[in-house]
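Please look over the sequence and the structure shown below. The paragraphs after them go through a few parts in turn.

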Amino acid sequence: MRISSKINAALFGAFACGTLATYVVLESTIKPQFDQIERSAAQLNHKRVTDAFEAFTDKLKTATHDYAFWDETYSFMQGEKTEEYIASNLTPEFKTVENLGVNALIFLGADNKLRWGVAYDLETQEPLDNMVEEIAHFSRSHAYIGGSADQAKRGIIGTSKGLFLVAIAPALKSDGTGDPMGKVISAKLLDVEAAKQLTGVDFSLEEFPQPVNHASLPENIELKTLDERIQTTSVLRSIVARPLVYLKVNSPRDVSRAGSTAIQSAMLMMITVGLAAIGILWAFLERTVVSRVAALKEHFATAGNSGKITATPGTNGTDEIGDLARSFNSMAGQVNQLRDALADSSYMSGLSEWAAGTLHNVRNGLSPVTATTWQVQQLFEGPWLKNIETAAKEHADAATTPDRREKLNTFLVGSAARFVEAAKKTTDLTAKINDASQAILDIVAEFESYAHRKTILEPVDLLLMFKTVAASTIDVQMKDTELILPHASAIITGNEVILRQVISNIFVNAVEAIEGQQHRGRIEVSIATSGQNSALTRIAISDNGEGLESDRLDAIFQRGVSTRNRATGGLGLHWCANAVKVMGGSIRAESDGPGLGVTIILELPKYEANLKEAA
Amino acid sequence: MSINRTPRLLVVDDDLGVIAAYRLVLEKSTERRTVQDMFGLNALEKELFGAAAAEEQPWRITFLDQGIDAVNAVKWAIEDGDPFTAIFLDVRMPPGMDGFEVAEQVRKMDPNVHMVIVTGFSDFMYEDFLEIAGPADRLTYMPKPVWPDQLRSVARSLINKDTSLSLH
């Protein structure tokens, strides 16, 4: 999984968790607060309706008390000044009730007989039939109501015309004294629409479902939460506490809706801001981390696939990724240096192994030669050749006795045959020597074929190679020698490992030539196109060392000639000349004479796209 | 300890050409004997010109081309009570055990045997062998190619040295 995908997943996961947690918190803490406020508001609305009914009855009470606690009414109720009282206070009838804002005004005497009473529809101004008697009957049925001053009451009653608000008060003197002389009753039809307008609350009065089960009627306000509204229900009771109807008040769920909207808006805002923050964070991470890590990964992968560990350019920034890139570059430099050293070492080791192995085979091959030669020598070993010579002399000597001459003769003849046999054996053994010599020649031929094996040619960056070689030769061996390298490089065709050995050899020679000189050492390298052949690159390595006589300039490249006695050994300039030749180049030395330094000039083919293998 | 036994030599080299050279130099030369004693001339020569060259002390010789065979041969020789007097040992004997390992194991089994390291390669220095197959008076280093006179001289001297040691 890519790091960017992981970061994306982590960011979105964290954001989703945060959003969900916030939503849960808001829904579980804030939303209930809104619901509670809404329920309180619903109950308040309900109370507002009942308060409105109270206010209505309060007006009735005032009008009722104005008549009831009045000396003239008191007298009227006792049958005094009846005509006068009616004429002055209750005429015309409709105006009387209209002025009071009631539908009915009733005076019942102490004997519960109707002294006076009217009931009108205030809109039509028509009398309400039987309403006076119906209300009077209610009052008579509940004699205790309004029976005394402290029993003055107001409330609601149910009639055939609907619900009426009523106020019932005893007829007393103006100062509130005296025995009650009957009751004054005022009534007003409960105007639901007016109450709605007054309270601004939507409510309704509903009949109980028949038959009425009083046990199931709620004692308090019941609250029911519906989708669009909260419905509060209570039982509206009469002035004598008898259940009349349901009062159902509908309160809109504006608060919870506003709360939900607020929560949704908050969530939407949070999601928007969160996504924007994720976007910004992602862009930041992409720019500062992901893209740089991806570039490093790409660079590492390229290095891994190609085997060429080059420095990464992503070292900008002082953060950990910059540190990582710098560490990689440092490591890459060390690895490259080690790899070059290893390649050099491997090359040298290979050469050494190859030469030693060849020597071993040659030495082994020589053993049969020496042994067979020794065998030939053995055939003629001993005193017998000298004895033949002695025998010949004695045989020719006249003083030799016949008997000895005869034996000498036998010995000489036998020796001649023995000599012939030895010569034959020698011929056979010589053939063996030839065979053994041929085996050695085969070994040498194999050596030669290996020496002339194909060398893989590749593009070589000269400046880079000079820096590498200088680090391991001049820097190590003579730190106070100044090395001047050219600013511009050139790419030539050659074998980098072999060329490094050649350059290393030349540098070491230069360093040794400088040692012991009075002046400060200087080695200068220049790279240019050859003046004689534009397909060649000319490399000049000049030192200010002890220099060379002109007659030694060619000799130093010959086999077995050394510029000095090096304890460290080395491949030598002869090997260098052969190696450069194999790469299609040439090497020569120039010097103005002893004390004036030496310039080694290498000419190597410029790099061409189509590489070839040198024969 | 028997002092009259014929000395035993062991030659170990993986190169059959070198083994052949050893054979020419160390085995009794039939060509020389055949040629030089043709027609019984040796007896006539002795009669005419006096005593011929003295015969060398004889030795028995074994040739092997692998290190492990050499180790086993030394082990069995010791078990038979007829150990080798000297071993001429090559160093490089691929693909098996090299001379360095052989010398180390042989010395552990036989502290008296003379070892002659015969090599055309300088993988190991004399000092390396001395450390694991010394002492110095029982360890000789000979470069290849084999020079017959030198080889026979070394063989003779080691046999004589061993005989002289055994006499004491």
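How many bridges join strand β8 of chain A to strand β9 of chain A? Nine bridges join β8 (residues 229-237) to β9 (residues 243-252), and the two strands run antiparallel. The model is predicted: local features need pLDDT of at least 70, side-chain atom pairs count only at pLDDT 80 or more, and totals for chains, interfaces and linings use all residues. Residues are numbered from 1 along each chain as its sequence is written, while chains are lettered from A and ligands numbered from 1 in the order in which they are written. Helices (H or I, at least four residues) and strands (E, at least two) are DSSP runs, numbered from the N terminus. Two strands pair if DSSP finds at least two bridges between them.

In β9(A), Ser251(A) is the residue opposite Ile230(A). Both strands belong to an open sheet of four strands in chain A, with the order β6-β9-β8-β7 and antiparallel pairing. At its edges are β6 (202-206) and β7 (222-225), each of which pairs on one side only.

Elsewhere in chain A, strand β16 (residues 586-591) is joined by six bridges to the antiparallel strand β17 (residues 598-605). The two form a hairpin with six residues between them, and Gly593(A) in the turn has a positive phi of about 125°. Arg588(A) stands opposite Ile601(A). Side chains alternate along β16(A): Ile587(A), Ala589(A) and Ser591(A) point to one face and are buried (20 or more other C-beta atoms within 10 Å of the residue's own, with C-beta atoms placed from the backbone).

Methods
A residue is buried if 20 or more other C-beta atoms lie within 10 Å of its own, exposed if 12 or fewer, and partly exposed in between; C-beta atoms are placed from the backbone.
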